[in-house]
Amino acid sequence: MADIITLKDIYKRYFIGKSNELEVIHGIGLSVAEGEFVSIVGESGSGKSTLMNIIGALDRPTEGTYFLDGVNVAALSQDELSLARKMKIGFVFQTFNLIGRISARANVELPMTYARMPRKERQERAQHLLEIVGMGDRAKHQPNELSGGQKQRTAIARAMANDPAILLADEPTGALDSETGLKVLDIFRDLNKNHGKTVVLITHSNALAEHSDRIITLKDGVIIGERRGSADRGEDRGEGDAL
Amino acid sequence: MKFLDNFREAIGSLLMNKMRSILTMLGIIIGIGAVIAIMTLGASMTAYITETMSGFGINNITVMMRAKTDEGPVLYMSTGGMNAYKDKDLITEEMMDGLKEEYPDEIKAFSVSEIIGNGQTEKGADYANLSLSGVNPEYITANNLTLIRGRFINDQDEAVGRRLAVVSDKLVSNIFGDENPLGQEIIIRTQNHIDNYTIVGVYEYSSGNNIMLGAVMASSSSDYDVSTDVYIPLSVAKKVMNTKGYSSFTVVTENGINSTEFSKTIESYFSKYYARNEDFGIGTFSMESTVSEITSMMSTISLAIAAIAAISLLVGGIGVMNIMIVSITERTREIGTRKALGATNGEIRMQFIVESVVICLVGGFIGIALGMALGAIGAALLGFTAKATVTSILLSVGVSSAIGVFFGFYPANKAAKMDPIDALRYE
Ligand SMILES: Nc1ncnc2c1ncn2[C@@H]1O[C@H](COP(=O)(O)OP(=O)(O)OP(=O)(O)O)[C@@H](O)[C@H]1O
Ligand SMILES: [Mg+2]
């Protein structure tokens with residue numbers, strides 16, 4: 001399958017030109033195929049989030065090229081980056097980042113609002129997406145009335161709003177207990193398998209990472225290891241299986 | 001993101017912090033409220049003045065004797081305090097003829113009156129209060145009287161000295177009811193005289209056309225007791241009063257003459273006659289100058305209140321800006337999230353500008369309601385009918401929105417320019 005994400009020789013430096021200049025990514029090359037489920041693991045401070053932000057078009061690399069769905073991200077304007085984030089990428093954060101004063105459904109509607117989808121249509125789609133993640137009966141609830149797992153399901157539904165090709169999740173289970181985390185991971189696997197989404201997942205848990213097609217290990221801003229996960233070996237098919 | 005979505009979100013975030021929103025709006029509410037209150041009051045007052053004074057022709061200049069000890073402008077003819085004058089102090093026909101000769105292009109006519117005094121006429125158990133005056137034939141035009149029956153006093157009546165009277169419809173309804181008053185004799189009793197007159201005409205009474213304006217403004221008597229003018233020929237009145245001149249008369253100017261300026265000319269004309277008179281001089285009073293005096297007084301007050309309102313709106317605007325900065329800082333993560341979800345910088349900016357405009361507009365609307373209520377209460381206390389002006393409301397809405405945009409722009413722009421990653425990482 002074609003690569004949807006292609007990173008070549010990516011460097012990221014902070015405080016450029018100052019005495020405390022800091023290079024946190026040292027020439028990473030990485031390709032992710034369409035429909036692939038990739039996990040990124042590595043110790044704290046190894047540069048996982050930094051890399052994820054580059055992949056998500058939230059940040060631009062200091063050096064190197066990044067092709068997202070065939071488009072060179074380095075050449076995009078601010079508004080074009082917004083457009084890429086809106087239509088091609090769905091973000092899921094460790095801290096959920098739901099907007100507090102509005103209902104779960106309104107949160108899911110938000111990316112569709114930015115895509116100027118008519119109100120009625122986006123309400124129906126938001127409801128539908130919430131049902132996919134098992135939150136259909138909680139659509140009217142505000143985030144502070146939801147459990148952590150429910151919040152993250154809502155956030156996943158929101159990431160799916162504009163039907164992006166790629167889902168990026170930065171430690172989506174980090175704030176959840178392991179059982180709830182596993183359920184959330186199941187949703188990602190379902191979206192990957194049954195809805196064809198490319199998933200890039202950052203996690204601290206090697207056990208969770210095992211469920212993906214490919215596991216990439218980062219250390220001090222470089223890739224130090226790459227191996228196949230159990231999902232790719234066909235040992236991890238089927239729902240609700242234990243760790 | 002569409003405007004309506006922004007609007008909905010803005011309302012939502014206002015409702016989140018109701019107390020804070022209200023406090024933020026306070027400056028705007030006070031500023032707009034003050035503007036609306038004063039504009040409502042001003043409009044009501046102007047309407048009242050125009051209505052009350054419309055009986056007085058705009059082309060008229062009233063010329064009257066005035067004690068030299070009096071200071072300031074003469075607003076109303078006052079009979080009190082004028083009793084001390086002697087025949088030598090009065091305005092003579094020669095003086096008036098001289099004025100007319102000197103300014104034939106400016107003067108259309110003189111309307112002259114001689115007040116005999118307040119009195120009453122009775123018929124059976126019915127009575128009518130009145131104020132008896134002798135007037136010349138020009139009086140009717142100079143004072144915009146509307147004749148509804150019969151005729152007014154004419155030159156022949158003056159020459160012959162007929163004992164005729166023109167009365168108000170009010171007097172007629174008091175004592176004659178539906179009976180035809182024309183040709184009827186009435187006995188009029190004033191302080192020092194009792195005489196009978198034949199009614200030849202009836203004019204339409206309106207509170208504006210009393211000869212003694214002051215008396216009407218102060219009157220709180222019942223409708224039945226209201227005193228109206230009874231006009232008799234000037235020559236008759238002069239005989240009754242045995243006077244050699246006039247204490248006042250009205251100059252009807254030709255159209256297009258600036259009565260404020262011509263008033264000064266008249267005063268200087270008379271000053272030569274009164275230069276050596278120690279007690280009296282001549283003062284003038286014109287509708288135009290009175291209205292412009294009141295208008296300029298109103299606009300001074302308005303200006304003062306507008307200044308207060310402007311300061312209040314400025315402080316209010318700064319308050320809105322401050323709260324927007326606080327709100328944006330609090331919502332940094334939200335802004336980062338929105339950007340990650342695909343919001344453009346422009347959409348973030350618009351969201352916060354709309355929010356700021358909504359705060360100001362809601363404040364503005366509360367201010368309009370409050371100001372209108374205050375203006376109406378003020379107008380009621382002063383005895384005017386409240387008149388809200390559409391201009392002032394449109395102006396307030398415009399000013400509120402403008403403040404919202406102006407003071408919202410900086411915080412909104414700050415939000416728009418946030419780096420999404422920094423914003424998402426914000427603790
Ligand atoms: N804006 C920044 N300015 C300076 N240094 C930064 C900035 N963002 C990240 N870094 C540094 O880059 C390095 C990598 O950070 P990053 O957040 O990518 O780590 P991570 O692998 O996601 O760690 P964790 O597992 O704890 O989330 C860290 O040393 C961090 O201090
Ligand atoms: Mg991280």
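How far apart are the mean positions of the positive and negative charges of chain B? The points below take up this question and others on the predicted model.

1. Chain B carries 32 positive and 44 negative charges, and their mean positions are 10 Å apart.

2. Overall form of chain B. The secondary structure of this chain consists of 14 helices and ten strands. Its radius of gyration is 33 Å, whereas the globule rule gives 22 Å for 427 residues, so chain B is more spread out than a compact globule. The C-alpha trace spans about 105 × 55 × 35 Å along its principal axes.

3. Burial and surface of chain B. Of the 427 residues, 49% are buried. The accessible surface amounts to about 20,100 Å², and carbon and sulfur atoms account for 60% of that area.

4. Contact order of chain B. When contacts between residues at least 6 apart in sequence are considered, 79% of them join residues at least 24 apart.

5. Largest nonpolar core. This core has 35 residues, and those touching the most other members are A:I5, A:L7, A:L51, A:Y66, A:L68 and A:L168. Strand β2 of chain A (residues 22–33) supplies the largest share, five residues. In soluble globular proteins, nonpolar side chains tend to be buried together.

6. Surroundings of A:L68. Leaving aside residues up to four places away in sequence, A:L68 touches A:I4, A:I5, A:V73, A:A84, A:K88, A:I89 and A:I166.

How values were computed. Residues numbered from 1 in each chain as written. Chains lettered and ligands numbered in written order. Predicted model: local features only at pLDDT ≥ 70, side-chain atom pairs only at ≥ 80, totals over all residues. Heavy atoms only, no water. Helix = DSSP H or I, 4+ residues; strand = E, 2+ residues; numbered from the N terminus. Rg over C-alpha atoms; globule rule 2.2 N^0.38 Å. Buried < 20%, exposed > 50% of the residue type's maximum accessible area, 1.4 Å probe, protein only. Contact = heavy atoms within 4.5 Å. Areas by Shrake-Rupley, 256 points an atom, 1.4 Å probe, with all protein chains shown as cover. Lys, Arg positive; Asp, Glu negative; His and termini not counted. Charge placed at Lys NZ, Arg CZ, Asp CG, Glu CD. Core = buried A, V, L, I, M, F, W, Y, C linked by side-chain atoms within 4.5 Å.
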